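Hi,

Here is the structure I said I'd pass on.

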2 protein chains.
Amino acid sequence: MSSWTPVPCQCCYTSCIQSLVAIQLRYPAKAETKRWLISKLEGHKKEGGAHLLVHPGEDDDGTLILLSATPYTLLKATEVLGLAKPSSDGSMVAFSYNNKADFPNSDKPEAFLTLAERQLLVKYATDSAKVLQETPVPGYPERRLYPGQSIVQSLQEWGIIEKFYPLHVEEELHLLTRAWYSQIHRIGQPIDAIRAYFGDSVALYFSFLGFFTISLVPMAILGAVYHCLSLSFLDKYLLFAVFSVLWSTMTMEFWKRHCATKAYVWGTLHLKSRFEAPRARYWGPSALNPVTGRWEPYYPSWKRKLRIMLVSIPTVFVFLGLAFDGMIMYLYWERWVQASYQQSRGSGRLAAVCLYLPSCIYTLYIELLNVIYKRAATILTEWENHRAESTFQNQLTVKVLVFRFINCFSGLFYITFYMQDLQLLQKRLSSLLIISQVINQFKECLLPLLLQKLQQQPGASHRKNCKDAPVVDSFVSEGNLSAYPGLFDDYMELFVQFGYASLFSCVYPLTAALLVVNNITEIWTDSFKLCRLFQKPFPCPAANIGVWQVAFEVLGIFAVGTNCFIITISPEVKEFCQDFGMTPEQSLLYAIGLEHILVTLKIVLAFAIPDQPHWLRIKVMQMEYHSWDALKQAEIKRALPIC
Amino acid sequence: MSSWTPVPCQCCYTSCIQSLVAIQLRYPAKAETKRWLISKLEGHKKEGGAHLLVHPGEDDDGTLILLSATPYTLLKATEVLGLAKPSSDGSMVAFSYNNKADFPNSDKPEAFLTLAERQLLVKYATDSAKVLQETPVPGYPERRLYPGQSIVQSLQEWGIIEKFYPLHVEEELHLLTRAWYSQIHRIGQPIDAIRAYFGDSVALYFSFLGFFTISLVPMAILGAVYHCLSLSFLDKYLLFAVFSVLWSTMTMEFWKRHCATKAYVWGTLHLKSRFEAPRARYWGPSALNPVTGRWEPYYPSWKRKLRIMLVSIPTVFVFLGLAFDGMIMYLYWERWVQASYQQSRGSGRLAAVCLYLPSCIYTLYIELLNVIYKRAATILTEWENHRAESTFQNQLTVKVLVFRFINCFSGLFYITFYMQDLQLLQKRLSSLLIISQVINQFKECLLPLLLQKLQQQPGASHRKNCKDAPVVDSFVSEGNLSAYPGLFDDYMELFVQFGYASLFSCVYPLTAALLVVNNITEIWTDSFKLCRLFQKPFPCPAANIGVWQVAFEVLGIFAVGTNCFIITISPEVKEFCQDFGMTPEQSLLYAIGLEHILVTLKIVLAFAIPDQPHWLRIKVMQMEYHSWDALKQAEIKRALPIC
């Protein structure tokens, strides 16, 4: 309760305009740099400026700059970004400044745009500030900006700007967290309020977390019944295999619909894809970009492809090999330890400790490998020299995703396909589900909280009575928090859960129930982390969960093969086949048949369930029809009589 | 050489404006109907008219109406349809009438728009003629038009208009056919000229036919080598299986690229999808359409779905069952006949004839079933009461496609999977490839030609000296030809060929070579059919081959399973496995492994080969960037100084 105590009012700068975003220069800030940066941020669009309202923060060391925007700048940026807003007839229309009268509330930006949208728009304007000629940065003559290069991104890259973050609004945050935590059934989260405060991508994550948890409930009930009654016959495998394959398809298909609905209401469904400016770290000799017609660094894509093929992919495979080898060594070691323990008949405490040694060392090994790999992947992706930030992020995500996937599932796949030991699989699964979830929650939430408390011990006295402290102190203290690490690890956790549920719940039917319990606490820890432990992240417009949608669907396809294989090796099914005098070849043929039928069913289901609900398709058609009709009407109006 | 003899000049009506499209009323035409129709077609857009140049044809029975259009009408329709045209910097830009100065040649419609485009635009204008209030048709008081209903489509539906067809331009046709037939290597067709004369969909078909034929060549060479050297060992199956799976993927992926390039150059790549007007046969109580806000017939989609589920799908399955049963009966019958023939040691001519009886009767049965099914499918789809013509066509295509697929392949699948008789499979394949191709060519081209000759015998004397006959007679005689049956059967033939090549060429390596030979004559018969045997079809804008792309890709997926299965049952592989002491179960496991690897490879390939070539992606990005940049520039120009 130290650094994030509410602050009474934040709208005290420049005639009560709310500060939205803060920039903190590296200490000690050079006066000429600060002056120049402020002039660029305030400057006219025609001169490459950002046209923002800028206030030098009245902080102790003079490194803070606070940004805000006039309604005009906000509305124009809304148009250029292509956000859709409710028009007077209630449907969502891409905002156009010239027709702003058609959009209710467009004269009141605080009501028309959410906090997250305003911060996004200010960030967009800030990033668009650029120089018109090649210019050295005042105070740093060795740093030169080329025309069109984003000033703020480059200064961040060079460390001249240390921090760049959106500001919390304590009253709104207070209302939001109250609504979030006070829900008795925690799954019904205030998604629209989250979106208004944190933006689309964060809201979509929490929405997906809730959606996923609810979708697990039927499976959890079914599994709990089977587990409690200790039912174990042929049907169990078949039922769970078919159920989990259908479940994974249906969950992702209905999520797409849910997501499209949300994106429509939020005005991001038809967000225009923009041609991105080059990343600050993109380098190469200057050349004319064929798309924009501007001079900018250019790196030929064949060189990039060569780097990916010859260096990145082999390196990834080396790491995958290390992870896989570690896993196999661990499995053998554990078997050996257990065998020796049983031989020694459990004598001595030391022996009992030794029993857990393989697990502990393997866990440490994996954690270490994870850290090294993440760093290696970042360096490699950076070295591949991608032009656009989105490509960079995608490449990095795919690299990390593949590694984590192998890390999390290779052991289970090895036990299933190679060792064919369903008993061991069940044991591993239950320990993974219970132990690693507890560790995760601790690592994600309690650990950062403790670290923060420890770090801020010295300054604690000065923040005790922050009701009286100037507002600017709260801005600085927000900047002192660590930057939000992004949603990757959170999605990764759900990805692994989705894998456990769809791949292996026929072996361990309690999986879904354990996941539901875990996710209910997960909502709490994730939201707490977001609201209180880290800097507010910049909002990010999104219409879907992006690469994760694909990742979850690919996992759903793996589920078919795995489930069918588990059926053929399960002792109950083997027994059944022997009773009916089937050869192993025949039972294998049945399993292949089942696999093909399930894959077909999956594809048919994916096609049969439309990606958008009916009303939304009507709305989209209406929109398209109106824009086409407008063109035709204009033609009729201008039509000449026959000559 | 009777009905299509060249006519010296066709541009003799209304001050030398070329007639593009003809409408023929049912004989005897009522004068008031004709007068009213002409007034509507000439009428002003504001009054629901089509704004066309109309000339009552000076034919003997006064049923002909000839249509043309002013440059203004053509250019405006180009804009509304969203066709892209080369702008002054050479890139393709959606045509805009207000910026017509940016498009070279836009003042000369004959050079700016191809014949096919002009005819398409006239058809579009004609279809858009409508009444503003509910009106009875003059001369047919029992027929009433509701506001917004297309006049010409409704009159066609009611039989008041008997024919509606675009006109040939004999000089252009002559040039086109010369270029088409005179190519020594017939695969290099003048695709752009075909497109200029017949429109996108026809040109895409011939382009695909050529592309597919060329793609078969490597496989044909490989297969011919294997066949001639009578090579037959393990590798053959494995090699051909892997090759044909990769081949099917690569062919369709590279076709997508080729097709995107063509569509870009033709200006149809980014064709706007329009909200279609209801079909003339769509019926239901009048209701407000939520998209257009107009009163029109409305039929709830749940009723349609019920009809599809409860009637259409069961009916289709009944027909599929009939086809399947016929196939099985035929196979048994033929086995029995051959067994008896061998018992009787080939004595007597009658016995030899009987040997071919099963084939003949089965072929007749299938042909009969085909005809009945096609009619049933049309009636069913009509009865399902689809609102838009495109949905209707898609539903009909899928119904017919599934049936034909079962008809063509169920026998081969049955022999492969159930009887596991590769010898019989090879025999069937070779007979199908040789005999049915010959029959097809005969049915498609020679038969219609003969029928036409027979039909036109009586009128032949009067057309002998048609150089002197008025132009209008040639228009009438064009109308007397049968309507072009569309591209369905032509694509279907390629679909079956693609299936033979990708599914079974490991069993009969000569497949590809036979197909190449067939396709070279196919190009000739198809083009002759199109140019000379039928009415000129209306051009249809298209950016791809639509549902056929999906159909071919699905076949490619079937190819993986079939090829892997053939490998496991091939005697060579079985022998090999026995030599190495593998159990059948193990060899089956290897086959499953191979299948999974091939499917994965297919997916990876499909993702790795971009759907558009690099230069085209740059062009598309340029286009998007410019439209976005224009918006931003406009913002900068209008930007106000900070207040």
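**Two helices side by side**

In chain A, helix α8 (residues 200–228) packs against helix α16 (residues 488–504) at an angle of about 20°, and their axes are 11 Å apart. Bear in mind that this is a predicted model. Angles under 35 degrees count as roughly parallel, so α8(A) and α16(A) are roughly parallel to each other. The crossing of α8(A) past α16(A) is left-handed.

If you want to click through the contact, α8(A) brings A:Ser201, A:Leu204, A:Tyr205, A:Phe208, A:Leu209, A:Phe212, A:Leu216 and A:Met219. They meet A:Asp490, A:Tyr491, A:Leu494, A:Gln497, A:Phe498 and A:Ala501 of α16(A). Sorted by class, that contact has 11 nonpolar, two polar and one charged residues.

**The strands**

Next, strand β3 (residues 64–68) of chain A: five of its five residues are buried. In a regular strand, side chains alternate between the two faces of the sheet. Both faces of β3(A) are covered, with A:Leu64, A:Leu66 and A:Ser68 on one side and A:Ile65 and A:Leu67 on the other.

β3(A) pairs with β1(A) in the antiparallel sense over four bridges, and A:Gln24 stands opposite A:Leu64 there. Strand β2 (residues 53–56) also runs antiparallel to β3(A), joined by four bridges, with A:Leu53 opposite A:Ser68.

**One loop residue**

Lastly, A:Pro28 lies in the loop between β1 (21–25) and α1 (31–42) of chain A. A:Pro28 counts as exposed because its relative accessibility is 58%, and the cut-off is over 50%.

Cheers

Methods:
Residues numbered from 1 in each chain as written. Chains lettered and ligands numbered in written order. Predicted model: local features only at pLDDT ≥ 70, side-chain atom pairs only at ≥ 80, totals over all residues. Heavy atoms only, no water. Buried < 20%, exposed > 50% of the residue type's maximum accessible area, 1.4 Å probe, protein only. Pairing = 2+ DSSP bridges. Axes fitted to C-alpha atoms, helices over the stretch in contact; angles between N-to-C directions. Parallel < 35°, antiparallel > 145°, perpendicular 65-115°, else oblique. Left-handed = near helix turned anticlockwise from the far one by under 90°. Contact = heavy atoms within 4.5 Å. Nonpolar A, V, L, I, M, F, W, Y, C, P; charged D, E, K, R; others polar.
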